[in-house]
Every structure is written in C-alpha cells, then in structure tokens.
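Please open the structure in a viewer and keep the sequence at hand.

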Amino acid sequence: MTTLAGKTLFITGASRGIGLAIGLRAARDGANVVIAAKSDVPNPKLPGTIHSAAAAIEAAGGTALALRLDVRDADDIARAVAAAAARFGGIDILVNNASAIWLADTPGTPVKRFDLMHQVNTRGTFLMTQACLPWLERAANPHVLMLAPPLNMAPRWFAAHTAYTIAKYGMSQCVLGMSAEFVARGIAVNALWPRTVIATAAVAMLGDTVQPEHCRKPEIVADAAHWLLTQPARNCTGRFAIDEDVLRESGLSDFEHYAVQPGAALLPDLFLD
C-alpha cells in the first residue's frame, strides 16, 4: 500500500506543527483526518486552531473532523473517539502527537508542569490508544504512531530535564510494550522522531539557543510518517524510527528542501546529538 486514500487518521495535537503536517500529507491522498486538540479558539501566542487546521485539510483534498480534545480527560477521549468512529465508520490509524514540554532541571520544574507532562505525554498516549483499540482491531491495516524518541538510558538524556525525559520516554515505553502486546492482533505500534530540531511553536521552549533557520520543516516528519503508515502493519511494528532513516529506506536521500534555510547548519534534536 502506498496511499492513505479512504483511511481515517485520528491525530492528537493536530492544530499546528508536526501533527498538522502529518494530517496534510494524508489529506493529499484523500484521507479522513480527525483534528483533535485543545485549541478551538485563536490564541495570540500560538498559531492555528482545530478549525483552521480542518480547513487546511479540506483544501489539501482530505475530509476533516475538528474535535476539541483534552487528552488528560478520559471521558473527553471516549466522546471524541466515538464521534470520530460515528462520522467515518471507524478508525484506521492513531497518531499520538500531543505532548507537553518543560525543559528545566529538578528545582526549576513546578509540580503543575511535572503533572502536565505526565498527564499529556504518557497517560494521554496510553488512554488514547486504549480508547481506539476496538476500532483499530477492525481496521484492514491498523497503525499506532507515537511521536517519541528512541529509548536511551544514558544519564545525559536525563540530567538537564529529568521530568521531561521521564514523561517523553513514557510514550516510548508505550511503543515498547504495546507493539509486543498487539502483534498477534496485527496492529502496528511504532515511534518516530526527528534527526534535527523541527521548526514548530515548541521551538520557543528551547530558548534563544535555537533559531528557526537552523531547523527543518515539519514536512520531513510528515513524509516519514506517511511511509510508515502505508507499510503492512504485521511487518512493520516495534520500530523506533528516525525521520531521515525512514526516508532513506523509502528511497529519498536529498533532505535539503526540508531545511527552513537551505545551506544553514542544522541543530541535532534534543535526544539525538
């Protein structure tokens, strides 16, 4: 399979950035895309809402459903999944993209930030996958994709931001466990992570040391996600994939057009220097 035409993707955190880019790539195939995020009204600090994202999906050739969703709320998740399945007749693919970030050391991490990251990243990913499971089991080529890094227990990945790393690795551990748990059901569960920093609103959280011109566009992650999500689920699961590596596997070797400023030095991602 090389297309997502007719498939239904449920993407969390899809009002902007990587989540929206994945949705737009699927829309170009003619997919149904559920835009699930908290941003339902304009925010002067953050671009995009579920409604503007849905309009972009429709303009790209897909069919969109905008749903306000807080992945910390189990009842909200149940309602959103039911609404998506009712609208499109099922769910083929779940993309767990929603994530909270707070890059600070232990003294600099307030309890509300610690709780937010764990509720959104680890708990939200677990609950979303759990809720979508009955529909994924009915799908012809079901996939779950987490935007999560490879697991690496080297102390340097924890030292500067222990709370964030634990929360993000929680998503990765969901891949580790669920890929083994669901293999007999034919449901693929994979992780995808960028080789370089991606130019999204989250870059602002990295401080003045990161400038957009040293980043890549979200489209590189979206193209890598598209390739993974079109693979036979039974033969492509349990992977901790890096965007560049996936695209090389798909036959692409020129990544320059993904750069915000072609020719500029690129910054390695937080977990991949």
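**A tour of the sheet and its helices**

Begin by selecting β4, α4 and β5, which together make a right-handed β-α-β unit. Please note that the model is a predicted one.

Remain with this unit and select helix α4, residues 111–136. Helix α4 packs on the sheet, where it touches β1, β4 (93–96) and β5 (143–147). The direction of α4 makes about 175° with that of β4.

Next, display the side chains of β4. I93 and V95 point one way, L94 and N96 point the other way, and all are buried.

Now proceed to β1, which runs parallel to β4 and is joined to it by three bridges. Select I11: its bridge partner in β4 is V95, while its bridge partner in β2 is I35. Strands β1 (residues 8–12) and β2 (residues 32–37) pair in the parallel sense over five bridges. Then select helix α3 (residues 74–88), which packs on the sheet and touches β1, β2 and β3; the direction of α3 makes about 160° with that of β3.

Finally, display the whole sheet. In what order do its strands lie? Seven strands form an open sheet with parallel pairing, in the order β3-β2-β1-β4-β5-β6-β7. At the edges are β3 (63–68) and β7 (240–242), each of which pairs on one side only. From one strand to the next, the twist averages 20°.

Key: Residues numbered from 1 in each chain as written. Predicted model: local features only at pLDDT ≥ 70, side-chain atom pairs only at ≥ 80, totals over all residues. Heavy atoms only, no water. Pairing = 2+ DSSP bridges. Helix = DSSP H or I, 4+ residues; strand = E, 2+ residues; numbered from the N terminus. Axes fitted to C-alpha atoms, helices over the stretch in contact; angles between N-to-C directions. Contact = heavy atoms within 4.5 Å. Buried < 20%, exposed > 50% of the residue type's maximum accessible area, 1.4 Å probe, protein only. Right-handed = clockwise from strand over helix to strand, strands pointing away.
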